[in-house]
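Hi,

Here's the structure I said I'd pass along. Have a look first, and then I'll tell you what turned up.

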Amino acid sequence: EDSLSVTDPELHKAINDELRRQQQHIELIASENIVSQAVLEAQGSVLTNKYAEGYPGKRYYNGCEHVDVAENLAIERLKKIFDCKFANAQPHSGAQANGAVFLALLNPGDTFMGMSLNSGGHITHGLKISMSGKWFNPIGYDVDKESELIDYDNVEKLALEHKPKLIICGGSAYSRVIDFKKFRDIADKVGAYLMVDMAHFSGLVAGKGYPNPCDYAHVVTSTTHKVFRSARGGIILTNHEDLAKKFNTAVFPGYQGGPLMHVIAAKAAGFLEALKPDFKDYIKSVLANAKILSETLKNNGFKIYSGGTDTHLMLVDLRPFNVKGNLTAESLSNANITCNKNGIPFDTEKPMITSGIRLGTQAATTRGFGLKEFEKVGELITKVVKGLSENPNDNSKIEEEVRNEVIELTSSFPIYKNLK
Ligand code: PLP
């Protein structure tokens with residue numbers, strides 16, 4: 001049988017070009033990572049052919065004995081990693097996991113609370129045009145303008161006022177440790193369920209670098225592909241048997257059809273890696289690298305939102321350099337450093353422009369970058385931003401200089417050497 005390079009050279013080239021891009025760029029997007037050969041192999045396996053509606057041992061189709069093994073491995077590994085009683089490994093993505101929880105716990109029109117998008121919450125936590133915002137009644141809470149941290153007193157005040165049925169914590173651009181106990185106390189006061197969306201920090205939890213929300217929340221959702229470094233997808237965890245049943249029904253048949261068995265197998269492959277002792281070392285390194293990157297940038301004149309980070313990610317306020325997030329991310333991209341523009345809480349710039357960028361250390365740490373390399377990354381970012389600040393119309397000379405340095409640096413930390 002012919003390989004993709006023979007049957008579809010156009011598509012093959014796009015995939016190969018992407019491989020080359022990943023090899024030669026420093027990846028700083030806080031939601032991405034570099035999965036292992038094992039994860040790639042499982043995801044590219046014949047399990048993609050199998051329909052397996054239902055759950056292990058209770059399927060609607062026959063021939064599921066082998067995919068059952070894969071899904072049970074995923075479930076058991078999740079329970080071990082997060083020390084919880086029930087796990088659903090089927091959600092196709094983080095958004096699907098959140099949608100399934102809404103379906104299980106809320107009725108249309110119900111009030112829930114989530115961190116506002118402005119303060120770093122996710123679109124599935126109540127953005128007006130998302131399902132969560134259109135079919136439910138979201139009440140957003142913000143970070144405090146002074147401390148730049150979650151204002152728990154205000155969360156409590158809003159909860160007492162609006163009596164939500166569900167309170168969500170966790171987000172996409174909040175870089176500090178969240179006090180889950182405080183959230184649970186507030187939820188208990190108003191009789192709400194507490195959901196923690198740990199998509200960004202689930203890998204940190206797995207590597208014992210962040211408190212485990214399963215100890216406090218009624219339900220925990222996550223993606224599996226960010227710091228967690230497994231295959232792309234979602235999960236739902238709980239310690240409550242009655243809720244676990246509701247979530248299983250909500251995922252299938254409530255919200256999804258056939259599970260992606262190749263993805264579930266690939267998730268399981270990644271979960272095994274997260275159980276290995278060296279995953280803790282990886283997480284230690286991710287956190288130490290984030291600290292040195294934020295310190296380097298601060299020393300060079302940037303403002304880091306909330307003054308630093310407890311996680312893999314940080315929000316860099318570019319206003320001291322009088323440059324915008326969109327043009328900065330573009331210029332960095334031209335220099336082979338990839339990140340995303342990101343609004344700073346209470347940003348006066350439009351979402352497609354922004355005053356900031358968001359950076360994360362997890363992907364480059366996977367390829368072996370340590371403190372020395374991240375200090376260098378901080379210097380390279382500074383060079384590009386200063387160049388852009390001085391020469392807003394043409395930063396190409398600096399971009400080329402930095403790009404050459406990045407190519408040299410990334411070639412010392414190769415990835416996917418065996419892929420052609
Ligand atoms: N929840 C949070 C906090 C996220 O950051 C994300 C992804 O960015 C999601 C949910 C959604 O995950 P996915 O992109 O897999 O749907």
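The bit I'd start with is a helix pair: H12 and H15 cross in a right-handed way. Keep in mind that this is a predicted model. H12 covers residues 277-299 and H15 covers residues 371-390, and the two pack at an angle of about 35° with their axes 8 Å apart.

From the H12 side, the residues that meet H15 are Ala-288, Asn-289, Ile-292, Leu-293, Thr-296 and Leu-297. Across from them, H15 brings in Leu-371, Phe-374, Glu-375, Val-377, Gly-378, Glu-379, Ile-381 and Thr-382. That contact splits into eight nonpolar, four polar and two charged residues.

An α-helix has 3.6 residues a turn, so residues three or four places apart point the same way.

A bit more on H12: its 23 residues reach 34 Å from first C-alpha to last, close to the 33 Å expected at 1.5 Å a residue. Just after the helix, Gly-301 takes a positive phi of about 105°.

The other spot to check is Lys-226, which UniProt lists, in an unreviewed entry, as the modified residue N6-(pyridoxal phosphate)lysine. Lys-226 sits in the loop between strand E9 (219-223) and strand E10 (234-238). Lys-226 counts as buried because it has 28 C-beta neighbours inside 10 Å. Leaving aside residues up to four places away in sequence, Lys-226 touches Ser-31, Asn-33, Ala-199, His-200, Gly-203 and Gln-362.

Cheers

Technical notes
Residues are numbered from 1 along each chain as its sequence is written. This is a predicted model: local features need pLDDT of at least 70, side-chain atom pairs count only at pLDDT 80 or more; totals for chains, interfaces and linings use all residues. Axes are lines fitted to C-alpha atoms, for helices over the stretch in contact, and angles run from 0 to 180 degrees between N-to-C directions. Helices (H or I, at least four residues) and strands (E, at least two) are DSSP runs, numbered from the N terminus. A crossing is left-handed if the near helix is turned anticlockwise from the far one by less than a right angle, and right-handed if clockwise. Two residues are in contact if their C-beta atoms, placed from the backbone, lie within 7 Å. Ala, Val, Leu, Ile, Met, Phe, Trp, Tyr, Cys and Pro count as nonpolar, Asp, Glu, Lys and Arg as charged, and the others, Gly among them, as polar. The expected span of a helix is 1.5 Å times one less than its number of residues. UniProt positions are given in the numbering used here, feature names are shortened, and annotations may be inferred rather than shown by experiment. A residue is buried if 20 or more other C-beta atoms lie within 10 Å of its own, exposed if 12 or fewer, and partly exposed in between; C-beta atoms are placed from the backbone.
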